[in-house]
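Reader: Please take one part of this model and go through it closely. I would like the contacts spelled out residue by residue.

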Amino acid sequence: MPVHEIKNPIVKHKLTQLRRKETPSKIFRELVKEIAALMIYEIGENFPSREVEIETPLQKCKAPVIDEENFVIVPVLRAGLATAEGAAQILPGASIGHVGMYRDEETHQPVEYYSKFPPDISEKIILITDPMLATGGSASDAIRLVKDKGAKKIFFLCIVSAPEGIKKIEEEHPDVEIYTASIDEGLNENCYILPGLGDAGDRIFGTL
C-alpha cells in the first residue's frame with residue numbers, strides 16, 4: 001500500500017506553527033488536534049458511504065451517510081491521544097481503542113504496557129493515530145495488536161514521519177495505508193525525526 005503525504009496548504013501551514021520551538025503546549029496540543037481532523041477529511045475519500053432517505057424542510061430525498069460506528073480510532077499512548085481527539089471530532093460516532101507503549105531510552109525499542117479494544121473489530125475500519133512515525137517500532141507493534149484482534153482494514157495516521165519508519169511499515173505491514181502531513185529528512189543518532197517536532201508527547205502535555 002502506498003504512503004500518502006498530504007499536500008493541503010492549510011495542513012502545511014498549521015504544521016509550520018507546530019514545528020516552531022516557541023509554540024506553547026496549549027497551542028501545540030490544539031494544532032495537533034486540528035491537523036488530525038483535517039487529515040481525516042483527506043483520508044475520507046476512501047471511506048465507504050451509503051444512501052439513506054431523509055426529509056428536508058421541503059421534501060424527501062436520498063443522501064449519502066458514513067456509518068461512523070464502523071470505525072475504531074486507536075491512539076498510541078500517550079501522544080496519540082491528541083490526534084485521536086482530532087479524528088473523533090470528525091467521526092464522533094467511532095469507538096476508541098488504546099495501545100500503550102513507551103520507548104526504551106537505551107534500545108529505542110517500543111515497550112508495550114497496555115492495550116484495550118472494543119469487543120469485535122474484525123469488520124471495522126481501524127484508524128491508528130500517533131503524531132510521529134520515527135523508527136516505526138511502536139507503529140508496527142500497534143498494527144500487529146489490532147491485526148491479532150482480527151482487524152483487516154487499517155489506516156495509520158501521523159503528522160510527521162521519517163523514511164525509516166515508513167520503510168518498516170511497508171515491509172512488515174504492506175496492506176496498511178500510511179497518511180502523513182510530512183515526510184521529513186530522517187532520524188538522528190537518538191532516533192528523533194529531523195527536522196521533526198521534538199518530543200511530541202512532552203510538548204502536548206507540557207512535561208518538557
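Author: In this predicted model, the residues of α1 that meet α2 are Ile-10, Val-11, Lys-14, Leu-15, Gln-17 and Leu-18. On the α2 side, the partners are Phe-28, Leu-31, Val-32, Glu-34, Ile-35 and Leu-38. By type, the residues of this contact comprise nine nonpolar, one polar and two charged. Helix α1 covers residues 9-19 and helix α2 residues 25-43; their axes come within 10 Å and cross at roughly 160 degrees. Because angles over 145 degrees count as roughly antiparallel, α1 is roughly antiparallel to α2. The crossing of the two helices, α1 and α2, is left-handed.

Residue 19, where α1 ends, is Arg-19, and the side chain of Arg-19 makes a polar contact with the side chain of Asp-184 at 2.9 Å. Asp-184 sits in the loop between β11 (177-183) and β12 (186-187). The side chain of Asp-184 also reaches the backbone nitrogen of Gly-196, at 2.9 Å. Beyond its neighbours within four places in sequence, Asp-184 is in contact with Arg-19, Val-160, Ser-161, Pro-163, Ile-193, Leu-194, Pro-195 and Gly-196. Asp-184 has a relative accessible area of 7%, and since buried means under 20%, Asp-184 is buried. Ala-134 is 50 residues from Asp-184 along the chain, and the C-alpha atoms of Ala-134 and Asp-184 are separated by 9.6 Å.

Definitions and conventions
Residues numbered from 1 in each chain as written. Predicted model: local features only at pLDDT ≥ 70, side-chain atom pairs only at ≥ 80, totals over all residues. Heavy atoms only, no water. Axes fitted to C-alpha atoms, helices over the stretch in contact; angles between N-to-C directions. Helix = DSSP H or I, 4+ residues; strand = E, 2+ residues; numbered from the N terminus. Parallel < 35°, antiparallel > 145°, perpendicular 65-115°, else oblique. Left-handed = near helix turned anticlockwise from the far one by under 90°. Contact = heavy atoms within 4.5 Å. Nonpolar A, V, L, I, M, F, W, Y, C, P; charged D, E, K, R; others polar. Buried < 20%, exposed > 50% of the residue type's maximum accessible area, 1.4 Å probe, protein only. Polar contact = N/O pair within 3.5 Å; in protein donor to acceptor, adjacent residues only side chain to side chain.
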